[in-house]
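Please keep the sequence and the model in view while reading.

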Amino acid sequence: MTDERRSAGHDLRAERISLAYDGDLVVKDLDLQVPDGRVTAVVGPNGCGKSTLLRALSRLMRPRSGVVLLDGEAVHSRAAKEVAQVIGILPQQATAPEGITVADLVGRGRYPHQGWFRRWTSTDDAVVRAALEATETLDLAQRRVEELSGGQRQRVWIAMALAQDPDVLLLDEPTTYLDVAHQIDVLELLHEQNRSRGTTVVMVLHDLNLASRYADHLVVMADGQVLATGDPSEAITEDLVQRAFGLAARVVPDPVTGSPMVVPVGRPRSAAALLTQTDPPSATVPPTSGRLV
């Protein structure tokens, strides 16, 4: 996460990949090209294969069939450390070693850049500090990770991913455990990382409106397949929301950004109906003498 270096361009794609857990197929014959240098959000209902896809793209999961290519070469044919110099990932359920401090955990993000002839330097210190500052966790540096709240831990894991200084950053639900203010902070941070350094960002999000606001490119999944890809203004339609989520909704312009905003229809209730449920009928209210009772 240094200002001195802009991210290099990379071609990351999946070609007809199928992914399974214990024989249960989760993703089927999926093709996907990640737009280089852009922010991509992957959205879809629970269990549709979003997180599984991210694991495959990052080399954490080997496809049952098909291949994930990084710059034309299968990721599983390359050394894990070599891939980690290009691709960083924030998994959905990250676990830290017991007793480790925040500073030590974030420092582990520098591991792909170490080697027999490359030891820890002042540059590593600067990158770790910058990552802690960017995620507002510098004051937690000497705290043990298990002592932190869920939101604090999430920001620390994001700091570790940033400290890895990858060209491609994959994040599985990076706003999990965060209150709304910190959700916006994290998404603004990722947006700035993309704009200032050209980092390719791919993130799984559940909030369609945040995805539409912060992503340049959307991937909409359902049942292990890609239903639609493209600019949020083109990808998010009322018909697509119905097909992907089984949700009746209206799609209107976001009043702040103009990006698509999904408003669920649900079962709308009239104001009169709400008043009927919350206020007692006037006929049963006893008259008062004007005093507070």
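Val106 is found in helix α3, residues 102-107. Helices (H or I, at least four residues) and strands (E, at least two) are DSSP runs, numbered from the N terminus. With a relative accessible area of 0%, Val106 is buried. Here buried means under 20% relative accessible area, exposed over 50%, and partly exposed in between, with a 1.4 Å probe and protein chains only.

The model is predicted, so local features need pLDDT of at least 70 and side-chain atom pairs count only at pLDDT 80 or more, while totals for chains, interfaces and linings use all residues. Residues are numbered from 1 along each chain as its sequence is written, and side-chain values use heavy atoms, with hydrogens and water left out.

**Around Val106**

Leaving aside neighbours within four places in sequence, Val106 is in contact with Val128, Ala131, Leu132, Val156, Ala159, Met160 and Ala163. Contact means heavy atoms within 4.5 Å. Val106 and Ala159 are 53 residues apart in sequence, and their C-alpha atoms are 6.1 Å apart in space.

Helix α4 (residues 122-134) and helix α5 (residues 150-163) have axes that come within 8 Å and cross at roughly 145 degrees. Axes are lines fitted to C-alpha atoms, for helices over the stretch in contact, and angles run from 0 to 180 degrees between N-to-C directions. The crossing of α4 past α5 is right-handed. A crossing is left-handed if the near helix is turned anticlockwise from the far one by less than a right angle, and right-handed if clockwise. On the α4 side the contact is made by Val127, Val128, Ala131, Leu132 and Ala134, and on the α5 side by Ala159, Leu162 and Ala163. By class, this contact of α4 with α5 has eight nonpolar, no polar and no charged residues. Ala, Val, Leu, Ile, Met, Phe, Trp, Tyr, Cys and Pro count as nonpolar, Asp, Glu, Lys and Arg as charged, and the others, Gly among them, as polar.

**Pockets**

Pockets are found on a 1 Å grid over the protein atoms alone: a cavity is a set of points where a 1.4 Å probe fits but cannot get out, and a pocket is an open set with protein on both sides within 12 Å along at least five of seven lines; lining residues have an atom within 4 Å of a point. Grid points are joined across faces, edges and corners, and a volume is the space filled by probe spheres set on the points.

The largest pocket holds about 530 Å³ of space. Of the 20 residues that line the largest pocket, Leu60, Ala84, Ile89, Met160 and Gln164 lie nearest its centre. At least two lining residues come from each of α2 (80-84), β6 (87-90) and α5, and α2 gives the most, with four residues. The lining of the largest pocket divides into 13 nonpolar, four polar and three charged residues.

The second largest pocket holds about 210 Å³. Its lining has 15 residues, and the closest to its centre are Ala94, Thr95, Ala96, Arg153 and Trp157. Here α5 supplies the largest share of the lining, four residues. By class, the lining of the second largest pocket has eight nonpolar, five polar and two charged residues.

Val42 is found in strand β3 (residues 39-43), and Glu73 in strand β5 (residues 73-74). Val42 counts as buried at 1% relative accessibility, whereas Glu73 counts as partly exposed at 37%. Not counting residues up to four places away in sequence, Val42 touches Lys50, Val202, Met203, Val204, Leu205, Val219 and Met221.

| Pair | Apart along the chain | C-alpha separation |
|---|---|---|
| Val42 and His206 | 164 residues | 8.6 Å |
| Glu73 and Leu12 | 61 residues | 9.5 Å |

**Positive phi in loops**

Asp165 is not a glycine, yet has a positive phi of about 55 degrees. Asp165 lies in the loop between α5 and β7 (168-172) and counts as buried at 5% relative accessibility. Tyr177, also a residue other than glycine, has a positive phi near 75 degrees. Tyr177 lies in the loop between β7 and α6 (180-197) and counts as exposed at 62% relative accessibility.

**The whole chain**

The protein has 10 helices and 12 strands. Of its 293 residues, 45% count as buried. Among contacts between residues at least 6 apart in sequence, 64% join residues at least 24 apart.
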